[in-house]
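Thank you all for coming; I would like to walk you through one model this morning, taking a pocket, then a metal site, then a few backbone details. Please keep the structure open on your screens while I talk.

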Amino acid sequence: MMAARYHADTRTFALEQVAIPEPGRGEVLVRVEACGICMSDVHLIEGLLPPPIPDVTPGHEAAGIIAAVGAAVPDRWKEGGRVALTPGRACGRCANCVRGRGADVCLDVQVMGAYYDGAWAQYVVVGYEQLVAVPDHIPLEQAAILADAVTTPYAALVDTAALRTGQSIGIWGLGGLGTHAVQIARLAGAAPIIALDPSEPARDRALRLGADVALDPSDPGHLDEIRRLTKGSGLDAAVEFVGFNAVRAQAAAALGQAGKAVLVGLTPEPINLPDPLTIQLRMQEIRGHLGGGLRHLEQLVSLVELERLDVSASVTATMPLTEIDKGIAQLNGRVGNPVRLVVLPQA
Ligand SMILES: [Zn+2]
Ligand SMILES: [Zn+2]
């Protein structure tokens, strides 16, 4: 089969012919119909995020059709089934895993496309506990992006920020994840929803998708504006999808009493917050966040199925796997402000 492979020692990334993997016990082989391109993949290929294994097929946002089922897989998963794949897999070895506690509390969760081969390939092997059934009327390219670009902000807002109806939220970075965060904040009943991004088209899109206000964070007046919009109180939740210290500092500075800042943008940069005393005096929280779990992906499939959430405009473009370099360049350069670019490995 064809797969896009990254080799850390030589920092090379290329399409290669490799053997179709075989599903082991508790595993299924999935024919990948769609897989998104995420900035984390780009960071991995550029060497900014060191991969845990030296040679890997990236891609952690996939949906497809079950092509083969290994031993000890429950009956509900059959060849031909349409599925979305949650990228996180329990390591099976840590203190929580050996007590049978699952991927949501694993201390060393294995992320698809970094810890094991991902879905920038025609086939991928995952555990059956990573599968979510996708109804026939949801296109698989939409199901694919649910697995990270929507699940990650959903879990960040609903669980990590514990966002409740009527709470105020600031969302920094309106790319693939932050754009969906605006939709989720709207769905969760947050008010006001303040979206921040230097790009005017990204801000306009956020306003169309449910932000009450969209601000340019490079404007030094944005913090005063957030205080005014929250009637002087500051934000209940400040979620950043960028991964720069300057942005983290802005998010933390905008918090109110007991406000929560959630760090979603991945970076190996040390956290450097200018005003730790205010964090203590106002009893604020800084919380890290990674991805989402099976439960979140299942809930999102239901929300799309029951028409509470519309992600039909989120697939900006699709391309065959052979053109993945173009997609990576387009995302990296933010050409045309993509929400998600999706590769179709069977095309
Ligand atoms: Zn991602
Ligand atoms: Zn574990």
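The second largest pocket of this predicted model holds about 160 Å³ of space, where a pocket is an open set of points, on a 1 Å grid over the protein atoms alone, at which a 1.4 Å probe fits, with protein on both sides within 12 Å along at least five of seven lines, and the volume is the space filled by probe spheres set on those points, joined across faces, edges and corners. Its lining, meaning residues with an atom within 4 Å of a point, comprises 14 residues, of which Met1, Pro21, Thr57, Asp117 and Tyr123 are the closest to the centre. Strand E1 (2-7) and strand E9 (123-127) each contribute at least two lining residues, and E9 gives the largest share, with three; strands here are DSSP runs of at least two residues, and helices of at least four, numbered from the N terminus. By class the lining has ten nonpolar, two polar and two charged residues, with Ala, Val, Leu, Ile, Met, Phe, Trp, Tyr, Cys and Pro counted as nonpolar, Asp, Glu, Lys and Arg as charged, and the others, Gly among them, as polar.

A word on conventions: this is a predicted model, in which local features need pLDDT of at least 70 and side-chain atom pairs pLDDT 80 or more, whereas totals for chains, interfaces and linings use all residues. Residues are numbered from 1 along each chain as its sequence is written, chains are lettered from A and ligands numbered from 1 in the order written, and side-chain values use heavy atoms, without hydrogens or water.

Which protein atoms are the donors of the zinc ion (ligand 2)? They are the SG atoms of Cys91, Cys94, Cys97 and Cys106, lying 2.3 Å from the ion, donors being N, O and S atoms within 2.8 Å of the metal (3.2 Å for Na, K and Ca). Their spacing along the chain is C-x2-C-x2-C-x8-C. Cys94 and Cys106 both lie in the loop between strand E7 (88-89) and strand E8 (110-111), so this pair ties together parts that are twelve residues apart in sequence. Both Cys94 and Cys106 are buried (under 20% relative accessible area, with exposed over 50% and partly exposed in between, using a 1.4 Å probe and protein chains only).

Finally, the backbone: the peptide bond from Ala191 to Pro192 is cis, with omega near -10°, and Pro192 sits in the loop between helix H3 (176-188) and strand E12 (193-196).
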